[in-house]
Amino acid sequence: MRVLPYGARAAMVDFDDPSEVLGLQASLEQDPPDGVVELVPAARTLLIRFDPGRTHHDRLAGDVLDRSTVDVAPRESAEIVVPVRYDGPDLADVAAAAGLSMEAVVRRHEDGTYVSAFCGFAPGFAYLTGLDPALHLPRRTSPRTRVPAGSVAIAGEYTAVYPNASPGGWQLIGRTTLPVWDVDREPPNLLAPGTRIRFTS
């Protein structure tokens, strides 16, 4: 774990193991150092924004490096069940690339226990960890100019639900009618970092 300056008001914590990100975030949320104003998790980093009138980089770095990333469990959250119609246009290609039947792809995707690791790319686009290693496949060689909202997709070690229609290069295996991003809901993001998710046909 490395703590690097990120301007005058933030520090970037860099991890070798992406599973440590949510552990440190949970520790900082449960016992926040003085002056911390925002935590922004990503795949292998945690951005910590702070008030320079109340703390400084060296003090914050010392606090962070003294913490364990495994002794504090991420906050408990209700499990979100995402209903899926597994009829995505890439399902057959995913099955062929994985050496599985389409039914086996669906079963393995449904059997996963997922956690929202971080959000990026678009508002409400949550990168979900826990995908079966047999389904770790690259993005499409040719991205689509428009992916429908609610598309359930996989790419690399992650699975996701497209919150809105947008361009995208992930492998589309299904779709859901569950709105994962709704600006009229509080909070608007259904799959915030730390949320547990399960997919079901």
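Modeller: The largest nonpolar core has 23 residues, and the members that touch the most others are Val82, Val94, Ile154, Ile173, Ile197 and Phe199. The elements giving two or more residues to this core are β5, α3, α4, β7, β9 (151-155) and β13 (196-200). Helix α3 gives the most, with 3 residues. A nonpolar core here is a set of buried Ala, Val, Leu, Ile, Met, Phe, Trp, Tyr and Cys residues joined through side-chain atoms within 4.5 Å. Buried means under 20% relative accessible area, exposed means over 50%, and partly exposed is in between (1.4 Å probe, protein chains only). Helices (H or I, at least four residues) and strands (E, at least two) are DSSP runs, numbered from the N terminus.

The model is predicted: local features need pLDDT of at least 70 and side-chain atom pairs count only at pLDDT 80 or more, while totals for chains, interfaces and linings use all residues. Residues are numbered from 1 along each chain as its sequence is written, and side-chain values use heavy atoms, with hydrogens and water left out.

Leaving aside residues up to four places away in sequence, Ile173 touches Tyr86, Asp87, Gly88, Leu91, Val94, His109, Val152, Ala153 and Ile154; contact means heavy atoms within 4.5 Å. In soluble globular proteins, nonpolar side chains tend to be buried together.

Asp87, one of the residues that Ile173 touches, also takes part in a salt bridge with Arg175, where the closest N and O atoms are 2.6 Å apart. Arg175 lies in strand β12 (residues 171-175) and Asp87 in the loop between β5 (80-83) and α3 (91-98), so this pair ties together parts that are 88 residues apart in sequence. Arg175 is partly exposed at 43% relative accessible area, and Asp87 is partly exposed at 35%. A salt bridge is a side-chain nitrogen of Lys or Arg within 4 Å of a carboxyl oxygen of Asp or Glu. By this rule the count comes to 11 salt bridges.

Another of these joins Asp132 to Arg108, with the closest N and O atoms 3.3 Å apart. Asp132 is in the loop between β7 (126-129) and β8 (144-147), and Arg108 is in helix α4 (residues 102-111), so the pair ties together parts 24 residues apart in sequence. Arg108 is partly exposed, at 31% relative accessibility.

A further salt bridge runs between Arg49 and Glu38, whose closest N and O atoms are 2.8 Å apart. Arg49 belongs to strand β4 (residues 45-50) and Glu38 to strand β3 (residues 36-41), 11 residues apart. Arg49 is partly exposed at 36% relative accessible area, and Glu38 is partly exposed at 33%. Arg2, Asp14 and Asp16 are linked in a network of salt bridges.

As for the whole protein, the secondary structure comes to 4 helices and 13 strands. Buried residues make up 44% of the 201 residues. Among contacts between residues at least 6 apart in sequence, 60% join residues at least 24 apart. Along its principal axes the C-alpha trace spans about 55 × 35 × 35 Å.
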